[in-house]
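User: I am new to this structure. Please show me how to read its features, one at a time.

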Amino acid sequence: FVLVLPALPYGVDGANGFSGDPIDAGTYALEEGTLRDVVLQVGAQLAQNGFRWTFVVYTHGAPGHAGAIFDAADAVSDRFHVTMANLSGTMWSDPARVRESDALRAHWFTTAQRASMTHDIHAGANETSLVLAEAPGQVREGWQRLAPVVGDGMLDVFRKAREPGWPGYVGAPAFASAGYGRAKLESNVKFDVALVAQALAG
């Protein structure tokens, strides 16, 4: 029996982390402690209802978000002697997953495009592709003409995000495609399922 809970549409950090503005019109975020408590309480109730394995899956990449979920999962596992795992928090520790991600980018994007996607970390080609694949009506018309927001490094990216007129994304949303989004989702599911199988097998 597999129970799939509804998605929690809130997390830690977002566009306000780039802009330096704690109140951002496009971001409604939680503090790390709040997210930890929510995940802990839900996980604890699952454990008390007899679920021995709980896997948390998400696509948000903020370090504070992952840390809060790791803390909650560890607390539930220790207290109730079950396994609650932050599945998505381990995604980039798998060399095979990284290789496949790189191969997908090489297949779907030109060398010049990939050069503009080095720090494609917020509403860029990757995330826009995922939404085009799953809910294309949620992508506002005109995304195809958006200029890339790139930098020589993360510090340069943060600097640009704090300049007046920052459009609210980092990366190259105009390079997005539903095809890449579907391929990326299929890859994510494949590796997530493999991790769950490994965990269940001990």
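User: Which residues form a negative surface patch?

Analyst: First, a caution: this is a predicted model. The negative patch is made up of D13, E32, D71, D74 and D78.

User: Which helix gives the most to the negative patch?

Analyst: Helix 3, residues 63-80, does, with three residues.

User: Is D78 buried or exposed?

Analyst: Exposed means over 50% relative accessible area. D78 has 60%, so D78 is exposed.

User: Let us turn to aromatic rings. How is a pair of them described?

Analyst: A pair of aromatic rings is described by two things: the distance of the centres and the angle of the planes. A search of the whole structure turns up two aromatic pairs. One of them joins W53 and F55, and this pair is stacked. Their centres are 6.3 Å apart, with 15 degrees between the planes.

User: Why is the pair of F109 and Y180 described as edge-to-face?

Analyst: Look at the angle. Planes over 60 degrees apart count as edge-to-face. The planes of F109 and Y180 are at 70 degrees, so the pair is edge-to-face. The ring centres are 4.8 Å apart.

User: Where in the chain do F109 and Y180 lie?

Analyst: The pair links distant parts of the chain, 71 residues apart. F109 is in the loop between helix 4 (95-108) and helix 5 (111-115). Y180 is in helix 8, residues 178-200.

User: Are F109 and Y180 buried or exposed?

Analyst: Buried means under 20% relative accessible area. F109 has 4%, so F109 is buried. Y180 is buried too, at 0%.

User: Now salt bridges. How many does the structure hold?

Analyst: There are five salt bridges. In one of them, the side chains of D37 and R36 meet at 3.6 Å, N to O. D37 is partly exposed at 37% relative accessible area. R36 is partly exposed at 28%.

User: Which residue forms a salt bridge with D192?

Analyst: The partner is R97, and the closest N and O atoms are 3.1 Å apart. This pair links distant parts of the chain: D192 is in helix 8 and R97 in helix 4, 95 residues apart.

User: Are D192 and R97 buried or exposed?

Analyst: Apply the cut-off for buried, under 20%. D192 has 11% relative accessibility, so D192 counts as buried. R97 has 3%, so R97 is buried as well.

User: What is the N to O distance between D156 and R159?

Analyst: The distance is 2.6 Å, and their side chains meet in a salt bridge. Both residues lie in helix 7 (residues 154-161). D156 and R159 are three residues apart, about one turn of the helix. D156 is buried, at 15% relative accessible area. R159 counts as partly exposed, at 45%.

User: One last item. Where is A44 found?

Analyst: A44 is in helix 2, residues 32-48. At 7% relative accessibility, A44 counts as buried. The C-alpha atoms of A44 and A72 are separated by 9.3 Å. Along the chain, A44 and A72 are 28 residues apart.

Methods
Residues numbered from 1 in each chain as written. Predicted model: local features only at pLDDT ≥ 70, side-chain atom pairs only at ≥ 80, totals over all residues. Heavy atoms only, no water. Patch = residues over 30% accessible without salt bridge, like charges linked within 9 Å, V, L, I, M, F, W, Y side chains within 5 Å. Areas by Shrake-Rupley, 256 points an atom, 1.4 Å probe, with all protein chains shown as cover. Salt bridge = Lys/Arg side-chain N within 4 Å of Asp/Glu carboxyl O. Lys, Arg positive; Asp, Glu negative; His and termini not counted. Charge placed at Lys NZ, Arg CZ, Asp CG, Glu CD. Helix = DSSP H or I, 4+ residues; strand = E, 2+ residues; numbered from the N terminus. Buried < 20%, exposed > 50% of the residue type's maximum accessible area, 1.4 Å probe, protein only. Phe/Tyr/Trp six-rings, centres within 6.5 Å; stacked < 30°, edge-to-face > 60°.
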